[in-house]
Amino acid sequence: MSSSSYTNSPCAACKFLRRKCMPDCIFAPYFPPEEPQKFANVHKIFGASNVSKLLNEVQPNQREDAVNSLAYEAEARIKDPVYGCVGAISVLQRQVIRLQKELDATNADLIRYTCTDITNQDSRRIGEEGGSSLGQSPHEGFYYPSTPWNNDPLGDGYHTGGDNTM
């Protein structure tokens with residue numbers, strides 16, 4: 001930013017602190033005048049003096065990340081004064097654990113149903129052909145539910161491993 005932009009429009013920090021924004025203002029590159037709430041939140045939680053000290057101690061190429069972290073934590077602390085962003089992280093971690101358990105249970109069900117269907121299909125083939133048909137059927141690996149139109153060997157329409165509606 002050019003020094004003329006500092007004199008025309010002070011950064012959000014200088015405007016909030018009611019001071020003149022100098023060309024070498026440490027806040028100006030990170031708290032533009034269009035984002036006054038960003039600095040207000042950071043100032044409320046951390047204080048302008050502490051933020052200024054922190055920015056002076058951090059390498060210039062890391063300052064933007066530091067300010068973004070401060071702004072994120074400040075906003076989280078305003079929403080949740082006790083836990084801040086740690087509370088949000090904890091909620092997300094619990095959600096990931098719950099979803100992982102749900103996924104594991106669903107995968108176990110899928111494996112169980114697939115194994116049951118393969119077993120039923122193999123037993124039907126053995127009954128139809130009088131022997132083992134593993135590797136002989138062009139439809140091997142596909143499950144055909146017991147219905148009147150697929151030559152149910154027993155004719156009762158019964159099969160284990162679920163219902164016929166899919």
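This report walks through a predicted model of one protein chain, from its overall make-up down to a few single residues.

Residues are numbered from 1 along each chain as its sequence is written, and side-chain values use heavy atoms, with hydrogens and water left out. Because the model is predicted, local features need pLDDT of at least 70 and side-chain atom pairs count only at pLDDT 80 or more, while totals for chains, interfaces and linings use all residues.

**Overall picture**

The chain comes to six helices and zero strands, with helices (H or I, at least four residues) and strands (E, at least two) taken as DSSP runs numbered from the N terminus. Along the sequence that reads α-α-α-α-α-α. Of the 166 residues, 27% count as buried; here buried means under 20% relative accessible area, exposed over 50%, and partly exposed in between (1.4 Å probe, protein chains only).

**How confident is the model?**

Mean pLDDT (the predictor's confidence in each residue, from 0 to 100) is 80 for the chain, and 71% of the residues reach 70 or more. Residues 135-139 stay under 50, and the model gives them six contacts beyond four places in sequence. Residues 159-166 are also below 50, with 15 contacts beyond near neighbours in sequence.

**Around helices 3 and 5**

In helix 3, Phe-39, Ala-40, Asn-41 and Val-42 are buried, and the cover over the buried residues of this helix includes helix 2, helix 4 (48-57) and helix 5. Just after helix 3, Gly-47 takes a positive phi of about 90°.

Glu-73 sits in helix 5 (residues 63-79) and counts as buried, at 16% relative accessibility. Its side chain makes a polar contact of 2.7 Å with that of Arg-77. For the record, a polar contact is a pair of N or O atoms within 3.5 Å; within protein, one must be able to donate a hydrogen and the other to accept it, and residues adjacent in sequence count only if both atoms are side-chain atoms. Leaving aside neighbours within four places in sequence, Glu-73 touches Phe-46, Gly-84 and Cys-85.

Past that helix, Tyr-83 is in the loop between helix 5 and helix 6 (85-129), and Tyr-83 is exposed, at 52% relative accessible area.

Arg-18 is in the loop between helix 2 (12-17) and helix 3 (36-46). Arg-18 is exposed at 78% relative accessibility and has a positive phi of about 55°, although it is not a glycine. Most residues other than glycine have a negative phi.

Met-22 is found in that loop between helix 2 and helix 3 too, and is partly exposed, at 41%. Ser-9 belongs to the loop between helix 1 (3-8) and helix 2, and is partly exposed as well, at 32%.

| Pair | Separation in sequence | C-alpha distance |
|---|---|---|
| Met-22 and Cys-11 | 11 residues | 9.5 Å |
| Ser-9 and Pro-33 | 24 residues | 6.9 Å |

Notes. Contact means heavy atoms within 4.5 Å.
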